[in-house]
Amino acid sequence: NMAETMRYKVHIDGVSPDARGEIENAITVVPNFPRPGLVFKDLSAVLGSPLAFKTVIDGLVARYQSKGVTAVVGIECRGYCFAAP
């Protein structure tokens, strides 16, 4: 049921309350969609919010920066690819 949505709680270390709120407000969580038992997280609004997008990318960088990562390959199935130079 698309009308039944929930708020997603963001867990990124070192994120300001404003940035965390921006990300949480940008993610729409729809339980039992597209079928019972699944949870759909619509990230499209994150891509439209410069603060949310920057915070997500910075969080990914911070998490893996010291791990020796030289390349990232992502497989997606819903049309979302997060990337930034």
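**Confidence, contacts and a surface patch**

In the protein chain, confidence is highest in strand E2 (residues 28-31), with a mean of 87, and lowest in strand E1 (residues 6-7), with a mean of 67. These values belong to a predicted model. Averaged over the protein chain, pLDDT is 79, and 78% of the residues score at least 70. Where pLDDT is low, the predicted coordinates should not be read in detail.

The aromatic contacts come next. A pair of aromatic rings is described by the distance of the centres and the angle of the planes. The count comes to one aromatic pair. Phe33 and Phe40 form this pair, with 5.7 Å from centre to centre and 75 degrees between the planes. The arrangement is edge-to-face because planes over 60 degrees apart are classed that way. Phe33 is partly exposed, at 30% relative accessibility, whereas Phe40 is buried, at 17%.

Asp58 is partly exposed, with a relative accessibility of 38%. Lys54 is also partly exposed, with a relative accessible area of 49%.

Finally, the surface carries a nonpolar patch formed by Leu60, Tyr64, Val69 and Val72. Together these residues have about 400 Å² of accessible area. One of them, Val72, is found in the segment after helix H3 (50-64). Val72 has a relative accessible area of 73% and is therefore exposed, since exposed means over 50%.

Notes
Residues numbered from 1 in each chain as written. Predicted model: local features only at pLDDT ≥ 70, side-chain atom pairs only at ≥ 80, totals over all residues. Heavy atoms only, no water. Patch = residues over 30% accessible without salt bridge, like charges linked within 9 Å, V, L, I, M, F, W, Y side chains within 5 Å. Areas by Shrake-Rupley, 256 points an atom, 1.4 Å probe, with all protein chains shown as cover. Salt bridge = Lys/Arg side-chain N within 4 Å of Asp/Glu carboxyl O. Helix = DSSP H or I, 4+ residues; strand = E, 2+ residues; numbered from the N terminus. Buried < 20%, exposed > 50% of the residue type's maximum accessible area, 1.4 Å probe, protein only. Phe/Tyr/Trp six-rings, centres within 6.5 Å; stacked < 30°, edge-to-face > 60°. pLDDT = per-residue confidence, 0-100.
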